[in-house]
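Let's walk through this one together, a question at a time. Have a look at the fold before reading on.

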Amino acid sequence: MPILLGVAVPVVWLLWLVVTEWVPMYPLNDLRRDNFRDRVLAAFINYPFPLFIAAGVAVHRPWSLAVALALCALTVLGHVRSWWVPYFGRTTPEQRERYQREYGRTLKILPTEGHGVVIDVQHMVVGALTAAMLATTVLATVM
């Protein structure tokens, strides 16, 4: 069961990204024609991670599990750096401008006052799935 979860959760993570980055569901996301190139670039960067994580867990060898864990750690760090550090810390004018352009109209449940960047619901789900992906990969590694 841990191996199945370790493969399934990264696939669910990827499916969430694909759906929320390509299927208009305003106010959950705000897909516009002018951000198409940015979404393609993000897809090329982000989509391989869960595929390699799932494959690493499925192969279930020490080296493949180590790769899967390392990729999970990078995914967690990327999410924290992109969303939580700017929310709790200082942001640059470029970060605030990009955030306002890309995510300013999306659904948020966290307080926005006093924060230059506020994580939206779409990316809160990504964060929860990222944590689940790390947990299930660790579980598959130790079982």
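Q: What covers the buried residues of α4?
A: This is a predicted model, where local features need pLDDT of at least 70, side-chain atom pairs count only at pLDDT 80 or more, and totals for chains, interfaces and linings use all residues. Residues are numbered from 1 along each chain as its sequence is written, and side-chain values use heavy atoms, with hydrogens and water left out. Helices here are DSSP runs (H or I, at least four residues) numbered from the N terminus, and contact means heavy atoms within 4.5 Å. The cover over the buried residues of α4 includes α1, α3, α5 and α6.

Q: Where does α4 bend, and by how much?
A: α4 has 27 residues and reaches 37 Å from its first C-alpha to its last, close to the expected 39 Å (1.5 Å times one less than the number of residues). The bend at a residue is the angle between axes fitted to the seven residues ending there and the seven starting there. For α4 that spot is Arg81, with a bend of about 40 degrees.

Q: Is Thr106 buried or exposed?
A: Thr106 sits in the loop between α5 (93-103) and α6 (121-142). Buried means under 20% relative accessible area, exposed over 50%, and partly exposed in between (1.4 Å probe, protein chains only). Thr106 has a relative accessible area of 7%, so it's buried.

Q: Which side chain makes a polar contact with the side chain of Thr106?
A: Thr106 touches Pro27, Leu28, Asn29, Asp30 and Asp120, leaving out residues up to four places away in sequence. A polar contact is a pair of N or O atoms within 3.5 Å; within protein, one must be able to donate a hydrogen and the other to accept it, and residues adjacent in sequence count only if both atoms are side-chain atoms. At 2.9 Å, the partner is the side chain of Asp120.

Q: Which residue does a cis peptide bond join to Pro27?
A: Pro27 is in the loop between α1 (2-22) and α2 (36-46). Most peptide bonds are trans. Here omega is about 15 degrees, and the residue joined to Pro27 is Tyr26.

Q: What is the phi of His60?
A: His60 lies in the loop between α3 (48-59) and α4 (62-88), and it's partly exposed, at 22% relative accessible area. Most residues other than glycine have a negative phi. His60 isn't a glycine, yet its phi is positive, at about 55 degrees.

How values were computed
Helix = DSSP H or I, 4+ residues; strand = E, 2+ residues; numbered from the N terminus.
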